[in-house]
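The following report concerns a predicted model and takes up its charged contacts, its metal site and its nonpolar surface in turn.

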Amino acid sequence: MASAPPQANCDRCRAPLVADAAYCDNCGERTRKARRLVRLAVRVELLFIALVVVLVGAFAAIYYLQK
Ligand SMILES: [Zn+2]
């Protein structure tokens, strides 16, 4: 994984962050680490949706071909 140093200050208000915090205590801005996790979660979700679409399409094709 990337070895970026942990984020010490909020990107928006520059307030010091608690170690491993997901949100800034001062303004509520998401930390870089939390944003990365959200992007990863969105990617996994899109992959899952694509998988479901492919499966539904495959079953529909099988059903159509069996008639
Ligand atoms: Zn902040």
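A network of salt bridges links D11, R12, E29, R32 and R35; a salt bridge here is a side-chain nitrogen of Lys or Arg within 4 Å of a carboxyl oxygen of Asp or Glu. The whole structure contains five salt bridges. Side chains of opposite charge can pair when their charged atoms come close.

| Pair | Distance (N to O) |
|---|---|
| D11 and R35 | 3.1 Å |
| D20 and K33 | 2.9 Å |
| R35 and E29 | 3.6 Å |

The side chains of D11 and R35 form a salt bridge. This pair connects distant parts of the chain, with D11 in the segment before α1 and R35 in helix α1, 24 residues apart. Helices are DSSP runs of H or I with at least four residues, numbered from the N terminus. D11 is partly exposed at 29% relative accessible area, and R35 is partly exposed at 28%. On this scale, buried means under 20% relative accessible area, exposed over 50%, and partly exposed in between (1.4 Å probe, protein chains only).

D20 and K33 likewise meet through their side chains in a salt bridge. That pair also links distant parts of the chain: D20 lies in the segment before α1 and K33 in helix α1, 13 residues apart. D20 is exposed at 65% relative accessibility, whereas K33 is partly exposed at 38%.

The zinc ion has the protein donors C10 (SG), C13 (SG), C24 (SG) and C27 (SG), at 2.3 Å; donors are N, O and S atoms within 2.8 Å of the metal (3.2 Å for Na, K and Ca), and water is not among the atoms, so sites may look incomplete. Along the chain these donors follow the spacing C-x2-C-x10-C-x2-C. The site is tetrahedral, with angles of 107 to 114 degrees among the four donor atoms; four donors count as tetrahedral if all angles lie between 85 and 135 degrees.

A nonpolar surface patch of about 1100 Å² includes V38, L46, I49, L55, F59 and I62 among its members. Patches are made of residues with over 30% relative accessible area and no salt bridge, nonpolar side chains being joined within 5 Å and like charges within 9 Å. F59 belongs to helix α1 (residues 32-66) and is exposed at 59% relative accessibility.

Residues are numbered from 1 along each chain as its sequence is written, and side-chain values use heavy atoms, with hydrogens and water left out. In this predicted model, local features need pLDDT of at least 70 and side-chain atom pairs count only at pLDDT 80 or more, while totals for chains, interfaces and linings use all residues.

Terms used:
Tetrahedral: all angles 85-135°; square planar, octahedral: opposite > 155°, others 65-115°. Areas by Shrake-Rupley, 256 points an atom, 1.4 Å probe, with all protein chains shown as cover. Helix = DSSP H or I, 4+ residues; strand = E, 2+ residues; numbered from the N terminus.
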